[in-house]
Amino acid sequence: MYKINEVFETIQGEASYTGVPSIFLRLQGCPVGCSWCDTKQTWDINTTYLVSLDKTVEKKADSELWAEASAEQVVSLFKERGYLAKHVVITGGEPCMYDLVPLCEQLHDAGFSTQIETSGTFDIKVPKSTWVTVSPKINMRGGYKILADAMQRADEIKHPVAMQKHVEELEALFIETGVTPKLVYLQPISQKAKATKLAIDTCMKKNWRLSIQVHKYIGIN
């Protein structure tokens, strides 16, 4: 059973899949403790907020409400809602707290492609065909280390930056884990002008890529 905070259909606004119609499946639970997290409502698994699955679909506002559902129920929900997107983004929270193989396999069998967004602090349990986005959360207050195996499995690295320190931490992580990713995206935190300039300048110098959270600029989820 998966703990689900939110389900909605939109356009993916970040990294390699920018512009792709997607169903977002947001899971509940995350102990990493990122200070700039914009989904803190997903951190705690409090049974006080356990509700039926339909109350987590297309929420009007962020909330701590969550539901339990099997992989089969998730696929059935997508069909019932009449979603048109064929790409599913499993995010959180921290989705890799769960074994995602059964869920992803059910989705693949139903004709969906899958992508996960993870902090890199938990073992990644997904099929080979699932696209893995690792957004390494370095030195967060939860005290979790970035796993070398997670970095090696990543199809892309997406790293939020606000200051030069964040770039240096990412470079140090590459050395520490012995991983040189083919795709590295820098994402300015909160779209601030200084952070955006830093990201652009660094991408130019290192031949990395810029991810600008398109969905926030055009005002969609």
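Reader: Which residue in β2 is the bridge partner of Ile-11?

Author: Pairing in β2 gives Ile-11 a bridge partner, with helices (H or I, at least four residues) and strands (E, at least two) taken as DSSP runs numbered from the N terminus. Residues are numbered from 1 along each chain as its sequence is written, and the model is a predicted one, in which local features need pLDDT of at least 70, side-chain atom pairs count only at pLDDT 80 or more, and totals for chains, interfaces and linings use all residues. Side-chain values use heavy atoms, with hydrogens and water left out. The bridge partner of Ile-11 in β2 is Pro-21.

Reader: Over how many bridges do β1 and β2 pair?

Author: Two strands pair if DSSP finds at least two bridges between them, and β1 and β2 do so in the antiparallel sense. Within this pairing, Glu-6 stands opposite Arg-26 in β2. The number of bridges for β1 and β2 is 7.

Reader: Which are the edge strands of the open sheet?

Author: The open sheet is formed by 9 strands with mixed pairing, in the order β3-β1-β2-β4-β5-β6-β7-β8-β9. An edge strand here pairs on one side only, and this applies to β3 (67–69) and β9 (209–210). β3 runs antiparallel to β1, to which it is joined by 3 bridges, and Lys-3 stands opposite Glu-68 in β3. The edge strands are therefore β3 and β9.

Reader: How many of the 10 residues of β1 are buried?

Author: A residue is called buried under 20% relative accessible area, exposed over 50% and partly exposed in between, with a 1.4 Å probe and protein chains only. By that rule β1 is mostly covered, and the count of its buried residues is 8 of 10.

Reader: What is the angle between the planes of Phe-122 and Tyr-144?

Author: Rings of Phe, Tyr and Trp (its six-membered ring) pair if their centres lie within 6.5 Å, and planes under 30 degrees apart count as stacked, over 60 as edge-to-face and the rest as tilted. By this rule there are 7 aromatic pairs, one of which is the tilted pair of Tyr-2 and Tyr-98, at 6.0 Å centre to centre and 50° between the planes. That pair links Tyr-2 in strand β1 (residues 2–11) with Tyr-98 in the loop between β4 (87–91) and α2 (101–109), 96 residues apart. Phe-122 and Tyr-144 form a stacked pair, 5.4 Å centre to centre, with an angle between the planes of 25°.

Reader: Which residue has its charged end over the ring of Phe-112?

Author: Ring pairs link Phe-78, Tyr-83 and Phe-112 into a cluster. A charge sits over a ring if NZ of Lys or CZ of Arg is within 6 Å of the ring centre and within 35 degrees of the ring normal. Over the ring of Phe-112, 5.0 Å from its centre, sits the charged end of Lys-86.

Reader: Why do the buried residues of α2 line one face of the helix, and within what arc do they fall?

Author: The buried residues of α2 are Leu-103, Cys-104 and Leu-107. Seen down the helix axis, and taking the directions from that axis to the C-beta atoms, these residues fall within a limited arc, so they line one face of α2; the arc is 95°.

Reader: Is Arg-141 buried or exposed?

Author: Arg-141 is found in the loop between β6 (131–134) and α3 (148–153). Not counting residues up to four places away in sequence, Arg-141 touches Val-32, Gly-33 and Trp-43, where contact means heavy atoms within 4.5 Å. Arg-141 also lies 7.0 Å from Cys-34, C-alpha to C-alpha, although the two are 107 residues apart in sequence. Because its relative accessibility is 64%, Arg-141 counts as exposed.
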